[in-house]
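Open your viewer and load the model. This tour tells you what to select at each stop.

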Amino acid sequence: MFVRALCSLLLFSGMVNAGTVDIRITNQFGEPLANAVVEILQPEQPTAAADTVYVYQQDLAFNPFVTAIPVGTYVNFPNLDKTRHHVFSFSPAKTFEIKLFVGKPRDPILFDKPGIVALGCNIHDNMQAFIYVGTSHQLAVTNAQGIASFTLPDTFDYQIKLWHPWQLQDHPEQQISSVSPTLAFSMTVDAIDDPTIPPKGFGNSY
Ligand SMILES: [Cu+2]
């Protein structure tokens, strides 16, 4: 057991030196949790402008379901369906509406305030997606394996923030440091099998 723990420690040290850190998120049942946003707050934030990000409408759904962007990012909403969509948000972080017709691109929208933006479509009630606008450029969304990957400098002393659309409680910022690297986190979420088919009527709180 001791040898195994030591190996894990060495493996972890190697990962930090290489600059790549995988953060694993599981739900309350120990299963990998996809679509969780991981934001890492560094003492010194880079100020480079982020590339334009795309949230597509395809097969009467938003793709991706969860997007994480730093504040000041432009988002484009291309409609790949043959039907039209009417995307809107009532969220304080960004209130807007945009009518999307087939083959008619619109100007990207600037997300200039941090916060959670809940997207809906006026035509299709079941369409729902979220944009997490963070203050850090170190942002990632967990994949199907519940992993968010980061490239970080060796100095490992950060605040980490977690968020998930179906979380049942807020997650206060947690400190991670070289002394006690905690790379696995658990989140308690509402038991929804497929987040791409959200429950009707959700979103009033945003
Ligand atoms: Cu629609």
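**The whole chain.** Show everything. The protein has 206 residues, and 28% of them count as buried. Buried means that 20 or more other C-beta atoms lie within 10 Å of the residue's own; exposed means 12 or fewer, partly exposed is in between, and the C-beta atoms are placed from the backbone. This is a predicted model: local features need pLDDT of at least 70, side-chain atom pairs count only at pLDDT 80 or more, and totals for chains, interfaces and linings use all residues. Residues are numbered from 1 along each chain as its sequence is written.

Now colour by secondary structure.

**Strand S1.** Select residues 20-27, strand S1. Which side chains point to the buried face of S1? Val21, Ile23, Ile25 and Asn27 do, and they are buried.

Strands pair if DSSP finds at least two bridges between them. Strand S14 (residues 147-151) runs antiparallel to S1, joined by five bridges. Find Ile23: its bridge partner in S14 is Ala148. S17 pairs with S1 in the parallel sense, over four bridges. There, Thr26 has Ser186 as its bridge partner.

**The core.** Select Val37, Val38, Leu119, Phe130, Ile131, Tyr132 and Leu162. In the largest nonpolar core, with 36 residues, these touch the most other members. Such a core is a set of buried Ala, Val, Leu, Ile, Met, Phe, Trp, Tyr and Cys residues joined through C-beta atoms within 7 Å. Elements giving two or more residues to this core include S1, S2 (37-41) and S12 (128-134). S12 gives the most, with five residues.

Zoom in on Leu119. Leaving out residues up to four places away in sequence, Leu119 touches Phe62, Val87, Ser89, Gln128, Ala129, Phe130 and Ile131. Touching here means contact: C-beta atoms, placed from the backbone, within 7 Å.

Three strands form an open sheet with mixed pairing, in the order S3-S7-S10. S3 (53-54) and S10 (109-111) are at the edges with a single partner strand each, so one side of each has no neighbour in the sheet. S7 (residues 73-76) and S10 run antiparallel, joined by three bridges. Finish at Val75, which stands opposite Ile109 in S10.

Note on methods
Contact = placed C-beta atoms within 7 Å.
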